[in-house]
2 protein chains.
Amino acid sequence: MSKQPVQLVGGADLEDCRVPLVAEPLTADQAERLAPSFKALGDPVRLRLLSLIASHAGGETCVCDLTEAFDLTAPTISHHLKVLKEIGLVTAERRGTWVYYRAEQPALDLLSTVLSVPQGVNA
Amino acid sequence: MSKQPVQLVGGADLEDCRVPLVAEPLTADQAERLAPSFKALGDPVRLRLLSLIASHAGGETCVCDLTEAFDLTAPTISHHLKVLKEIGLVTAERRGTWVYYRAEQPALDLLSTVLSVPQGVNA
DNA sequence: CGTCTAGTTTGACGACCGTCTAGGCAATCG
DNA sequence: CGATTGCCTAGACGGTCGTCAAACTAGACG
């Protein structure tokens with residue numbers, strides 16, 4: 001029950017994009033599927049949200065704790081969390097009154113790999 | 001010889017953001033400085049441009065070759081290249097008639113590090 | 001049931017983004 | 001010089017994005 005494939009909005013699989021962008025040219029199709037993930041990271045609030053969630057001890061964070069960390073209204077935080085959730089960088093689970101968010105580390109790792117610069121590439 | 005500091009638009013240094021986002025929460029300031037780089041990667045055309053440049057043998061690519069790879073007008077390609085250049089992911093150099101773009105691998109590597117998931121983090 | 005708290009959804013508004021056409025600048029070649 | 005080619009800038013236009021206030025849904029607790 002582990003190793004769920006990383007998903008994109010439309011449901012397409014991102015795993016076949018797990019290649020350093022430096023190693024060979026991305027196809028138009030790969031670029032089209034990767035870009036939304038980077039776009040999601042292109043907002044300071046979402047970057048911090050993801051970092052807060054991903055670095056939190058226990059691996060999950062309550063929305064109430066996240067909202068407190070920003071000078072923004074709850075709907076705005078909720079909106080950003082939705083964006084992160086829809087591209088598969090986080091998942092959400094309701095337990096009683098509270099909703100907990102958890103980072104999808106494989107998705108993060110994939111994006112890291114795409115940007116990675118293997119030794120000796122194009123010296 | 002190596003380790004030129006990666007620069008941001010305003011001239012601020014990005015090097016002190018070279019920490020996995022999973023390891024500890026990004027500060028608001030760090031997020032503010034990192035986000036524009038990811039935003040630049042959040043467009044499929046720019047992702048492909050960067051990949052074409054970064055993976056090209058010899059390390060540099062002529063604009064004319066880049067333009068041909070897309071179904072877009074030259075000004076549009078030029079605009080995207082400018083975005084990549086202004087955040088420091090590529091550099092440009094004119095030699096005679098042609099302009100050559102080159103990928104800034106340290107900048108790429110920094111972003112890769114930010115997204116990386118070190119072993120044993122938040123098991 | 002009624003009420004309270006936690007989050008999300010909806011709809012609106014201003015700002016920003018990607019693309020184009022038209023025009024400009026720089027280097028090359030007769 | 002004038003003509004041509006390569007690339008960039010300027011300006012415009014439609015679409016998307018980030019934010020908020022208001023209204024809604026889901027549990028918890030009497």
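**Chain A sheet and DNA strand C**

Q: What do β2(A) and β3(A) form, and which residue in the turn has a positive phi?
A: β2(A) and β3(A) make a hairpin with two residues between them. Gly96(A), in the turn, has a positive phi of about 65°. Strands here are DSSP runs of E, at least two residues, and helices are runs of H or I, at least four, numbered from the N terminus. This is a predicted model: local features need pLDDT of at least 70, side-chain atom pairs count only at pLDDT 80 or more, and totals for chains, interfaces and linings use all residues. Residues are numbered from 1 along each chain as its sequence is written, chains are lettered from A and ligands numbered from 1 in the order in which they are written, and side-chain values use heavy atoms, without hydrogens and water.

Q: How many bridges between β2(A) and β3?
A: Six, in the antiparallel sense, with β3 covering residues 98–103. Two strands pair if DSSP finds at least two bridges between them. Tyr101(A) is the bridge partner of Ala92(A).

Q: And the strand order in the sheet?
A: β1-β3-β2 in chain A, an open antiparallel sheet of three strands. β1 (60–62) and β2 (90–95) are the edge strands, each pairing on one side only. Neighbouring strands are turned by 30° on average, direction ignored.

Q: Which helix packs on it?
A: α2 (residues 44–55) of chain A, touching β1, β2 and β3 of chain A. Contact means heavy atoms within 4.5 Å. The direction of α2 makes about 90° with that of β3(A). Axes are lines fitted to C-alpha atoms, for helices over the stretch in contact, with angles from 0 to 180 degrees between N-to-C directions.

Q: Switching to DNA strand C. Which residues come nearest?
A: Cys62(A), Tyr101(A), Arg46(B), Thr76(B) and His80(B), of the 22 around DNA strand C. Near means a residue heavy atom within 4 Å.

Q: Sugar or phosphate, or bases?
A: 78% of the DNA strand C atoms within 4 Å of the protein belong to sugar or phosphate, the rest to bases.

Q: Where are phosphate oxygens approached?
A: A polar backbone atom of Cys64(A) is 3.1 Å from one. For Lys39(B), a polar side-chain atom lies 3.4 Å from a phosphate oxygen.

Methods:
A polar contact is a pair of N or O atoms within 3.5 Å; within protein, one must be able to donate a hydrogen and the other to accept it, and residues adjacent in sequence count only if both atoms are side-chain atoms.
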